[in-house]
Every structure is written in structure tokens, then in C-alpha cells.
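Please read the numbered points with the model open.

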Amino acid sequence: MKYLIKNGQIIDGTGKERFAGDLLIENERIAAIGAIDAIDVADVDQIFDVRGKIVAPGFIDTHSHSDLQVLVSPYIEPKIRQGVTTELLGQDGISMAPLPAQYISPWRKNLAGLDGDSDTIDWSYETTDGYLKLLEKQGVGLNEAYLVPHGNVRMEAMGLTNRPPTAQELQKMCDITNREMQAGAYGLSTGLIYMPCAYSGLSEIVALCKVVAKYDGVFVVHQRSEADTILESMEEILEIGRQSGVKLHFSHFKVCGRKNWRFIESVIALLDKAKAEGLRVSFDQYPYVAGSTMLGVILPPWAHDGGTDQLLKRLEDADLRQKMIYDMEHGLYGWDNFVDFAGLDQIFVTSVKSEKNMDIIGKNLVEIGQIRQKDTYEAVFDLLYEEENAVGMVDFYGIEEHVIRFMCRPEQNVCTDGLLGGKPHPRVYGSFPRVLGKYVREEKALTLESAIYKMTGKPAAVFGFKDRGMIQIGNFADLVIFDPDVILDRGTFIEPIQYPDGIQAVFINGELVLQQGIYEKRCPGKVLRRA
């Protein structure tokens, strides 16, 4: 296919100022940029006059949870409708592959709270290569890239037990990581509040990151604390970078809870210190004052030892329930206690898997107790037990001033971190338009060129997405056309499932998939593998 885009304001993804020009798409790539006369171009399939509109590279979502959904339905329409053309899967150390056959059942339960579950897909792919080949065979709506999940690696090497690896097990973990990097993964992810990643120590992670560093991959980390012990947590990650030489990327960077906002200046000082040392550090951020994850994280870490099946047995024990309540009310050092920094009334259930609990979606934990006519904690324990821990939630932790503070940092790029099930966080539908509408046009916190750079050229450079992220001749034609005077997210926490305003057209690998609000369900995406 051949398309000619006329009279656009081109923002090329480098951070440079916009310029007026035309753009020619031929087959999958950008064939020409500049003043292009239609009469000089033969066999054009369609000409677009986009006067007054912005033409930008397609947005790159560096923290996505479409891993399972892309197999169930490959289109991921909420992302495409906000201009995302590439997303990075395998986040938080908990994802689809590797997955040895003997762990399929317990791992599906562990994964369900983040990425969902399905009986309709083939779970027998075993490795990252097998998973990516499954995506390639089926076809994908967006470009999909993958990180090696630390939890999956640990599980394959030593199961789900809470202990350090033996020397032989650690070597096996390194061998698995090497295998998955050779399959085309872009780095290693971990979620140090999630099991079994949380069971790991510094030396284990350093060893794996040394493998990743050989490929110039990235270590993407949901750090151990984003709250009370965030400074120690950051120091741990920076030390991993020092010892391994790996590139560091903090997931969904923030400081949680009013009492911890006093750490923000020290957090910024650590970022500056890392830069001065020569450490390669970046982070992503979603532009909201609330987060979203699996509800099970509100329980103390020991409750999850051995995986979801063991958690469910502990929830059957009244004495262990009381111990959980004590730890949630009094805290454990180094554990991010969501009940403490958000509060029971600021944690809302967003998804469940069974019909019988659908009535509590959108309710906070206090309201759930009232609806079920039980003590709040007991109602939450019962919910987690009945749903086999497959419950999603939203938690409120911050203020707009801090969102803007981190957004303006040079290390920052934009992400969604969107969980796709149930009544989701509005970031699933609106992260990128929200930045462009609220924080660029209304708040004037960033220039449009800087914001686009943080959505395109910067993440492409950090992760090594070749021929993407910038409008250049020869690059893949991943493009978004939008109205800068209109673009804005529409979703709210009450009604999150709303597509944004202002997106005019989206191209993925040179194929027009969205035009004037009409989305064509096609699969022009590519499964990206790091060379």
C-alpha cells in the first residue's frame, strides 16, 4: 500500500521542533519526507490532507500487560485508539514464558491477577521462543516485544519456594536467561513485591543481570519498595547496575503515600547521583495519582510462600488470618504495605473472575465489608479465597504535583501499565492522550515536542527498537496523526472504558488501522526480537 500524508506538522520523535511537511508511506516504511507533489507519486492508494494536525511516530508503551490477551484477541484496541503502535510485554517478573509443563496450573493462578486467565489458548509453548512463535503464527495487532520475567526463570530453575538458590540452581537460572535472551527478549524484568521474585537477593539478581548486560539488554524493575523504604530499594537497584553493568529501568516510578512524600527530594538526588556515576538509568510513568495491580499484594509476603495454592490454604486458617491482619496493621520492614500508604477506603476492586462477585467491582474494601456484612479484612480474605487470588485493584497514593515532577525528569518516558480485565484503571484507555492534552496543552508542564520524544524516540533508544520511534526515511511507518487542540483522555475512575478524543489516524507498519474513529481489526503488527 502507498499513502501520501499532506500538509502535516511533523514532530519526528527526536525532541526537535516540529516542521511543516508531507510524508510518503510505501509498503511498510517511510519512503519520503518533505514537500511531495501528488502528481509526482504514482499509484497512491490514498491521500490525506492533515492541515493543522500533528504527524508523530507511533507511541511506544514500555509497560504493558497484554501478554495473555494478545493470544485471546490480538487487536488490543484500547492501545491502538490512543496511538500506541508498539508495546513491551513480560513485565514485573511475572508473565507467560518460560513455562515448563509441570508449572502451568500453579503459574496460571499466580498470573491471573495481573494478566488474566484463559482456557482457550494453548499453554504448551514452554519457552520464550515458543511463546513468540505462537504470537507470530496467530498474528498481532500491534508490534509486540518481550522481556524475560525473573519469576518465570526462577520457577523453571527451582520452583516457587522461598529460599536462596543453590550454586547449581543459580547457574541454571543464568542459562535459562541466556536462552531467553537469545530468543529475542529485550531484557529481564522483575517485580520485587511479587512472588517468587521477592524471594531473591542481590547476588541472584546481579548474576542474571550480567547475562542480560552481555546482550546490552535492559533490567526493568518494579522495585522492592515505592513507599517507606524507597531509598534503600533504589540503592539496591543502583548497586545491581554497578555490579552487573546492565542498563536500569524503573517501572511506573513514583513515591507512594503522604507520609513518604518527604523522600522525593532524596529520590531525585539518587537519580542525579546515578547519572554522575555513569549508570544508565531510565524509568517509565503513567500520568495518574492512582496505581493498579493484583489485590493479593495487600497481604504480607509470607502469605504467598509456595504460590497461590499455599496462599489459599493459609486463608482457610483463622489464626493465620489474624496474623495477616496484625502484619497489615503494624507493617513489616521493607514491605510495601498498601493498606498503610493508601488505606482500606482508597483501594478499589477492578476485576474478578467469577460471576458471584461481580457486584463488588468498583467498590472499595470498606464498602465490600459492608456489602458482605462482614469485618472488612474477613470480607477481603473471603474474596481472595473465592477468586483464587485473581482479583485486580486500584489504589490511590499521590498528588498531581508529584506526577508532574517526575514527568519532567530526563529519565522519564510514558507508559500505561494497563491491566485489561474488568473495570480497569483509566490508564488502559488514556495515558498517552492524557499527557498530550492535560500536561502539555492545559498544564504546559512539557512542550509537545518533548512529550512526543518521551513517547517515541526515547523509549526506542533505551530498549533498542530498531527503525522505530522516529520519523525518518527507511523507518517502519508506525505513525499517529492527532489534533493537538482536541486530544485528551476521557476515562475516569468511575467510568474508565472510554476512548480518548483527538486521534485522527494510526498506521502500523505502513497499514492504516484507525481513521476518523473507525478501527479496522487487522493484524499488521510484528513480533519484535532483539538481534
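1. Ser64 is buried, its relative accessible area being 0% (buried means under 20% relative accessible area, exposed over 50%, partly exposed in between, with a 1.4 Å probe and protein chains only). This is a predicted model, in which local features need pLDDT of at least 70, side-chain atom pairs count only at pLDDT 80 or more, and totals for chains, interfaces and linings use all residues. Residues are numbered from 1 along each chain as its sequence is written, and side-chain values use heavy atoms, with hydrogens and water left out.

2. Where is Ser64 found? Ser64 sits in the loop between strand S6 (59–61) and helix H1 (69–72). Helices (H or I, at least four residues) and strands (E, at least two) are DSSP runs, numbered from the N terminus. The side chain of Ser64 makes a polar contact of 2.8 Å with that of Lys79, and another of 3.1 Å with that of Ser66. A polar contact is a pair of N or O atoms within 3.5 Å; within protein, one must be able to donate a hydrogen and the other to accept it, and residues adjacent in sequence count only if both atoms are side-chain atoms. Apart from neighbours within four places in sequence, Ser64 is in contact with Lys79, Glu87, Leu88, Leu89 and Gln91 (contact means heavy atoms within 4.5 Å).

3. Helix H6 (residues 167–182) and helix H7 (residues 202–214) pack at an angle of about 30°, their axes 9 Å apart. That makes H6 roughly parallel to H7. Axes are lines fitted to C-alpha atoms, for helices over the stretch in contact, and angles run from 0 to 180 degrees between N-to-C directions. Angles under 35 degrees count as roughly parallel, over 145 as roughly antiparallel, 65 to 115 as roughly perpendicular and the rest as oblique. H6 passes H7 in a right-handed crossing (left-handed if the near helix is turned anticlockwise from the far one by less than a right angle, right-handed if clockwise). From H6, Leu170, Met173, Cys174, Thr177, Asn178 and Met181 meet Glu204, Ala207, Leu208, Val211, Val212 and Lys214 in H7.

4. Not counting residues up to four places away in sequence, Glu204 touches His150, Arg154, Pro165, Leu170 and Met173.

5. H7 also packs with helix H8 (residues 230–244): their axes come within 9 Å and cross at roughly 50°. H7 and H8 are therefore oblique to each other. On the H7 side the contact is made by Leu202, Ile205, Val206, Cys209, Lys210 and Ala213, and on the H8 side by Glu236, Glu239, Ile240, Gln243 and Ser244. The crossing of H7 and H8 is right-handed.

6. In helix H13 (residues 365–372), the buried residues are Leu365, Ile368 and Gly369. Why do they line one face of the helix? Seen down the axis of H13, they fall within an arc of 100°, so they share that face; the arc is that of the directions from the helix axis to the C-beta atoms. The buried residues of H13 pack against strand S15 (347–351) and helix H14 (376–386). At the start of H13, a side-chain oxygen of Asn364 comes to within 3.0 Å of the backbone nitrogen of Val366. H13 is followed by Gln373, which has a positive phi, near 55°.

7. Val349 lies in strand S15 and counts as buried, at 1% relative accessibility. Among the residues that Val349 touches, leaving out those up to four places away in sequence, are Leu365 and Ile368, along with Leu295, Leu383 and Met393.

8. Val297 lies in the loop between strand S14 (290–294) and helix H10 (308–315). Val297 is buried, with a relative accessible area of 7%. Leaving aside neighbours within four places in sequence, the contacts of Val297 are Ile193, Tyr194, Trp335, Phe338 and Met393. Val297 and Gly392 are 95 residues apart along the chain, and their C-alpha atoms are separated by 10.0 Å.

9. Helix H16 (residues 427–442) and helix H17 (residues 448–455) pack at an angle of about 160°, with axes 10 Å apart. That makes H16 roughly antiparallel to H17. The contact is made by Phe432, Val435, Leu436 and Val440 of H16 and by Leu448, Ala451, Ile452 and Met455 of H17. H16 passes H17 in a right-handed crossing.
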